[in-house]
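Subject: Structure handover

Hello,

Here is the structure for you to look over. My notes on it follow below.

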Amino acid sequence: LAPWFSADARAREAAAAAAARGGGDETSKGWLLVQDSDWTRRWRKRYCSLQQRGRAKTLCCYNDSTELDCVEVIPLTGGAVSTLEGCDNMFPIRISHGNATHPTHVMIAADSEKYRQAWLKALQAAVS
């Protein structure tokens, strides 16, 4: 288990299985690292939930698993996802959205390749 990741292995595996299943309004939940969009580019542990809001799909990021206060909403519909080379037990995914003249990139990371692949599958389904 990576040092930045405090959830137990069973919870991670359940989230990975949910991400791999897809379907429904909420297809995936779990702890990820999300990189700040400000100049610091710090990584923060966030509880993320893939959700459908009307016809738009989003990744909502929370400070904890109660999902009471969404601190960041990442739009997914019409976007693109890709993997990047990882390091230090981080397996990053780049989410791109916006238009050609003003693209926006958000970086998230999982703590294992298996967990990243499960999230990647769910995110790719959401952006299409």
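Threonine 83 lies in strand E5 (residues 80–83). Strands here are DSSP runs of at least two residues (E), helices are DSSP runs of at least four (H or I), and both are numbered from the N terminus. Threonine 83 is partly exposed, at 36% relative accessible area. On this scale buried is under 20%, exposed is over 50%, and partly exposed is in between (1.4 Å probe, protein chains only). Leaving aside neighbours within four places in sequence, threonine 83 is in contact with Pro92, Arg116 and Leu120. Contact means heavy atoms within 4.5 Å.

Some ground rules. This is a predicted model: local features need pLDDT of at least 70, side-chain atom pairs count only at pLDDT 80 or more, and totals for chains, interfaces and linings use all residues. Residues are numbered from 1 along each chain as its sequence is written, and side-chain values use heavy atoms, with hydrogens and water left out.

Confidence next. pLDDT is the predictor's confidence in each residue, from 0 to 100. The chain averages 80, and 78% of the residues score at least 70. Residues 1–9 stay under 50, and the model gives them 21 contacts beyond four places in sequence. Residues 18–26 are also below 50; this stretch has 16 contacts beyond near neighbours in sequence.

Now the fold. The chain has two helices and seven strands. Along the sequence the pattern is α-β-β-β-β-β-β-β-α. Of the 128 residues, 43% count as buried. Of the contacts with a separation of 6 or more, 41% are between residues 24 or more positions apart. The chain exposes about 7100 Å², and carbon and sulfur atoms supply 50% of that. Accessible areas come from the Shrake-Rupley method with a 1.4 Å probe; for residues, only the protein chains shown count as cover.

Helix H2 (residues 113–127) has 15 residues. H2 reaches 21 Å from its first C-alpha to its last, close to the 21 Å expected at 1.5 Å a residue. The expected span is 1.5 Å times one less than the number of residues. The buried residues of H2 are Tyr115, Arg116, Ala118, Trp119, Leu120, Ala122, Leu123, Ala126 and Val127. Tyrosine 115 is 9.7 Å from glycine 30, C-alpha to C-alpha, although the two are 85 residues apart in sequence. Glycine 30 lies in strand E1 and is buried, at 5% relative accessibility.

The largest nonpolar core has 21 residues. Such a core is a set of buried Ala, Val, Leu, Ile, Met, Phe, Trp, Tyr and Cys residues joined through side-chain atoms within 4.5 Å. Leu50, Leu59, Leu76, Ile95, Ile108, Trp119 and Leu123 touch the most other members. E1, strand E2 (43–53), E3, strand E6 (91–98), strand E7 (103–110) and H2 each supply at least two residues. H2 gives the most, with seven. Leucine 59 is worth a look in the viewer. Beyond four places in sequence, leucine 59 touches residues including Cys48, Leu50, Val73, Leu76, Ile95, Ile108 and Trp119.

Last, the charged pairs. Side chains of opposite charge can pair when their charged atoms come close. The structure holds four salt bridges. A salt bridge is a side-chain nitrogen of Lys or Arg within 4 Å of a carboxyl oxygen of Asp or Glu.

- Lysine 29 meets glutamate 67 at 3.1 Å, N to O. Lysine 29 is in strand E1 (residues 26–35) and glutamate 67 is in the loop between strand E3 (56–62) and strand E4 (70–75), so the bridge ties together parts 38 residues apart in sequence. Lysine 29 is partly exposed at 32%, and glutamate 67 is partly exposed at 21%.
- Arginine 42 meets aspartate 36 at 3.4 Å, N to O. Arginine 42 is partly exposed at 42%, whereas aspartate 36 is buried at 12%.
- Arginine 116 meets glutamate 113 at 2.6 Å, N to O. The two are three residues apart in H2, so about one helical turn separates them. Arginine 116 is buried at 8%, while glutamate 113 is partly exposed at 32%.

Salt bridges that share partners also join Asp36, Arg42 and Arg44 into one network.

Best wishes
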